[in-house]
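The structure is shown first.

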Amino acid sequence: MGLASVARERQSRVGRRQPLAERAAEVIPFHYAAILPALIITAAVILGPLVYSIGLSLYHFVLTDPRNVRFDGLANYAHAFSDPSFVGSLQTTVVYGVSTVTVEFGLGMLFALVVHNLTSGQGVVRTAMLIPMFLTPAVVAFMWRFLLHPELGIVDYLLSQVGLGRPVWLGDPKLALLSVVLVDIWRNTPFVFLVLLAGMQSLPGELYEAAAVDGASPAQRFWGVTLPLLKPLILVALIIRTMDAVREFDTIFIMTGGGPGNATETIALATYRYSFRNYDMGLGSAVSYIIFAVVFVLSIFFVRQMQRARIT
Amino acid sequence: MAQQASSVFSRRQALRAFGLTAAALALGACGPQGSQPAATQAPGAAPAGGGGKSLSGSTVRMGALANYKGDAIEQMLPEFEKSSGIKVQLDKLPDTNLSDKLTVSFASGSPDYDVAMMDEPWVPGLASFLVNLDELVTRDKVDLSQYVPQGLAAGQYNGQRVALPLDPNVMMLWYRKDLLETKGLKAPTNFNEIIDTAAKLNDSSSGTAGISVSAKKDAQTSTTAILLLWNEGQELITPDGKFGFDSPAGIKALQTYQNVIQYAPQGVLSYGATEELDAFYGGKAGMVFYWASIGPNATDPQKSKAADKVGWTGVPNGMRGVWNLGIAQESKNRDAAWELIKWMTGPDGSRLFTSFGGGHSPRYDVLKSPDFQQKYPWAGDFQKALEASRARPQTPNWNGIQTVIIDMTSAVLSGQQSPEDAIKRATEQVTPYLKS
């Protein structure tokens, strides 16, 4: 290559008329350029609102009172924790989450074990179990609200026939929380069942044969073989169900609206109340970040457990 | 090596740019958007008192309620479009969605509608985004004496007229004449008599309760609680800005409510507005204290079991609730929007609105017309009840205050808390909304 051609090439590389795309290609490697559009969209759709709402959470900003917008520091966070209804909603969320996830896991495991050991009719049982999962949560909520109606519902009709009266399921504070927990269990146990059943059916048969040869009882086979091998799947089911329970909204909103009083108000409903009933965007954003922190801590716990399960 | 350095540098630049963008967004977030009212725009070139013709061809966007009221508006609009040449794009939305959409889009400075249909409690929150109509009312010589004053008052906030009334509502007593007659009772004329009559009518052996009310976590429950507070002679927000329930009168009001639900159907703790009305229509209760807008259903044999036996009466201090029409400040079609509002709340529009079953009229000339009185036989009682009605406090934080009252009342009625404890907690919760 002659000097002249090298000079020409150099000229073309540093020349002022070099197209923008070419210059960009030189400074941004192709693989970064390829993900750039997705990165920009992600930033705009996820990071943008995230940053925006951090700002909002530091302001007194009630949408219907635009003349009273002011910087309030951490006052919204302090307000949330000093508000008994918010603290109550945190407690309700814990009770709701622990009770639904525990019972769903127990029942899901039990059903999965029974169906796994069925020699015939497995398909029918599996399909029947899936029905609640196919229903829209809002439809489920309306259906149960009607079933539990003290005057028109079949549940109270049957109870009254056997002399148990007509309890006001959704109007009594203790029964209301029990009702929404039971409906969640009815709706979501099939999910846990399905995940665990799929896991059981993929376990290698040799291990069970070896355990049988060693004289292990069915209980020993369950505790010694099934449970340890299913651990990753159990954790997946628990993560999904716990996250769902923390952000549960539609069913409770339709069935009780969080009432009576605040008896069934979870943190998701409290956030809705602050942001979209009271239009208190500042407080609503602060509460959202508190939920974010709760979910974040839970996620770290579960992810660590999963990593340990994989290692062992 | 040099190329590597250049690549790293450009990445840094990209990161810096991204950081700046994020910071700009954050600063944007910190800005009190919508806090500045838009500069008042002078009315358009439309000639006074009938700019309709010069505005022919323009389009007005209107947000309305998606129920029988919205349906009536839809039916009456062709008449307006024909006479004015102005096209109306009607968007019908359910109550909460309409309120959310109006609030968010008006506050963001790009309203979805030129004309907004607003329930009375929404007016203070939206007032700073609405056109002051006083100037237009004067310019076009709108005869305000034709409106029931309580209807007009709903559209006024901080001394400014930001809306005109379309459909006033007031709470009235609806009762079963046959049941009262059987027990030798007269129609009650005040709240204390309503409670006494409920106790006397209540008959568990026949399965007919004295009165149907809401008792679950529902807006209607807070409405009854407020009525009972007023009945104790107490304001909801006192003149010195305190929460009215935080008083002996407040405790008495909630105790009375606990007493009233003893005369309601057995499942009352799960009753919201829908169940409350269903119980009355289904013959399970002898009375219901509810908005006048239920009149057509209560007296319709298709919808109410004892339609021909339903009587009605207004009592003093019934709550008023008025649907209003206002114009967005940022609207680009203010003059056409004003023509629409003027027509809809005027004699022709109001007559059509009521004849299509949209609701009642705020105008004396329509209220007193034979057509209206024939279609709404309770017209006379309605007018009297409206004139003797009481309004909820005008505050942009009404939603926050109402939510606290709903939670408080629901907690007391369901037995979760005593009236004293519930009021103490509610007072703490409501205070921030009373301050600002």
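## Salt bridges and the chain contact

At 30% relative accessibility, Asp365(B) counts as partly exposed; that class lies between buried, under 20% relative accessible area, and exposed, over 50% (1.4 Å probe, protein chains only). Its salt-bridge partner is Arg363(B), at 2.9 Å from N to O, and Arg363(B) is buried, with a relative accessible area of 6%. A salt bridge here is a side-chain nitrogen of Lys or Arg within 4 Å of a carboxyl oxygen of Asp or Glu.

This is a predicted model, in which local features need pLDDT of at least 70 and side-chain atom pairs count only at pLDDT 80 or more, while totals for chains, interfaces and linings use all residues. Residues are numbered from 1 along each chain as its sequence is written, chains are lettered from A and ligands numbered from 1 in the order in which they are written, and side-chain values use heavy atoms, with hydrogens and water left out.

Over all chains, the search finds 26 salt bridges.

| Pair | Distance, N to O |
|---|---|
| Arg363(B) and Asp365(B) | 2.9 Å |
| Arg241(A) and Asp184(A) | 2.9 Å |
| Asp203(B) and Lys183(B) | 3.9 Å |
| Glu265(A) and Lys217(B) | 3.7 Å |

In chain A, Arg241(A) and Asp184(A) meet in a salt bridge. Arg241(A) lies in helix 11 (residues 218-246) and Asp184(A) in helix 9 (residues 173-201), so the pair ties together parts 57 residues apart in sequence; helices are DSSP runs (H or I, at least four residues), numbered from the N terminus. Arg241(A) is buried at 2% relative accessible area, and Asp184(A) is buried at 1%.

In chain B, the side chains of Asp203(B) and Lys183(B) form a salt bridge. Asp203(B) is partly exposed, at 23% relative accessible area, and Lys183(B) is partly exposed, at 39%.

Between the chains, the contact (heavy atoms within 4.5 Å) takes 54 residues from chain B and 50 residues from chain A. The buried area is about 4,100 Å², with 54% from carbon and sulfur atoms; buried area is the accessible area (1.4 Å probe) that two parts lose on being put together, summed over both. Two salt bridges cross this interface. The side chains of Glu265(A) and Lys217(B) meet in a salt bridge. Helix 1 of chain B gives the largest share of the side of chain B that touches chain A, 11 residues.

Key. Helices (H or I, at least four residues) and strands (E, at least two) are DSSP runs, numbered from the N terminus.
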